[in-house]
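Please work through the exercises below with the sequence and the model at hand. Each task is followed by a stepwise solution.

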Amino acid sequence: MRPDARAWFTGRTSTTRSVDDVDVVGLLRAKRRGGHRVSVVLPARDEEATVGGLVADLVERWVRRVPLVDEVLVVDSDSGDRTAEVARAAGADVVAAAEVLPAHGSRPGKGEALWKSLAATTGDLLVFLDADLLGDVSHYVPGLLAPLLTDPQVGYVKGCYTRPLEIDGRSTPAGGGRVTELTARPLLNALWPELAGFVQPLGGEYAGRRAALEQVPFVSGYGVEVGLLVDLLGLLGLNGLAQVDLGVRRHTSQDQEALGRMAGQVVSAVLARGGVASPAGLLTQFRSDGAGFVPVSTGVAVDERPPMVTVGEYLAERAGAV
């Protein structure tokens, strides 16, 4: 690891592995002192099995009992199940991604939901959580907020954790994060070695200041996390970034073919930011039908939304809110 990356890793990595590690009084004092408003966003597509429990715990613990969070928003991306209904019943505000900034149309992908959430929330501090998290994650929100509330130099915070791999009822303690280890980390270390200290560059749990997030583009698909990391490095500098060890993260593991498509989108986002275009924009994978191999091609070209500060409707809404 380069000296600058090692120094950042040592100085900008904190630990919040349970609620016992949270200084609730200190965070509330910092929030009041800074006049902050906190929005928690969960992008979701077909997550009725998990989103209700996540939302209910967030609302009960950090909205009702402790006034750390001001709004919890689920952005529903064309779910075919009861995701929206379950989330709303659990206490979240729910919007359909397609109904936010409708004049700009709608695109598929997680990044689209995250971009739209900037226009659908009111907080100056935003926390993003994946909606398929399993187990006790009640410490995630305060853990991610702590660096933003206590250090004005920090503008973006990534969560990091060990990621068990759980397939067919069998669990490997640290076998998750395959796209990170086999695709994202080697690319980032090669092109932006100062980012080598990030444990989970593709992790879906992070927080940032609206003033920073609204100035960078959002890749519409699975390349959104790596795109944000690289773009915010350029905007804030390495010292404006931080990470928090949140302990363990459990979620639904995907199969190899799905991970390949995710990796293709990550590669496209990284190459675009490194100045290398991907002309084909296609990932070809192969399936065996017993008689031979069948090629299956998927589009992985970079599709991204512009910085929100360039969107007239957003600026008008923000001006009216102020």
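The model is predicted, so local features need pLDDT of at least 70 and side-chain atom pairs count only at pLDDT 80 or more, while totals for chains, interfaces and linings use all residues. Residues are numbered from 1 along each chain as its sequence is written, and side-chain values use heavy atoms, with hydrogens and water left out.

**Exercise 1.** State how many salt bridges the rule gives.

Solution. A salt bridge is a side-chain nitrogen of Lys or Arg within 4 Å of a carboxyl oxygen of Asp or Glu. Applying this rule gives 22 salt bridges.

**Exercise 2.** Characterise the pair D70 and K31.

Solution. Step one: the side chains form a salt bridge, with 2.9 Å from N to O. Step two: D70 lies in the loop between α3 (48-65) and β3 (71-76) and K31 in helix α2 (residues 24-34), so the pair ties together parts 39 residues apart in sequence. Helices (H or I, at least four residues) and strands (E, at least two) are DSSP runs, numbered from the N terminus. Step three: K31 is buried at 8% relative accessible area, whereas D70 is partly exposed at 32%. Buried means under 20% relative accessible area, exposed over 50%, and partly exposed in between (1.4 Å probe, protein chains only).

**Exercise 3.** Characterise the pair D57 and R61.

Solution. Step one: the closest N and O atoms of this salt bridge are 3.6 Å apart. Step two: D57 and R61 are four residues apart in helix α3, about one helical turn. Step three: D57 is partly exposed at 28% relative accessibility, and R61 is partly exposed at 22%.
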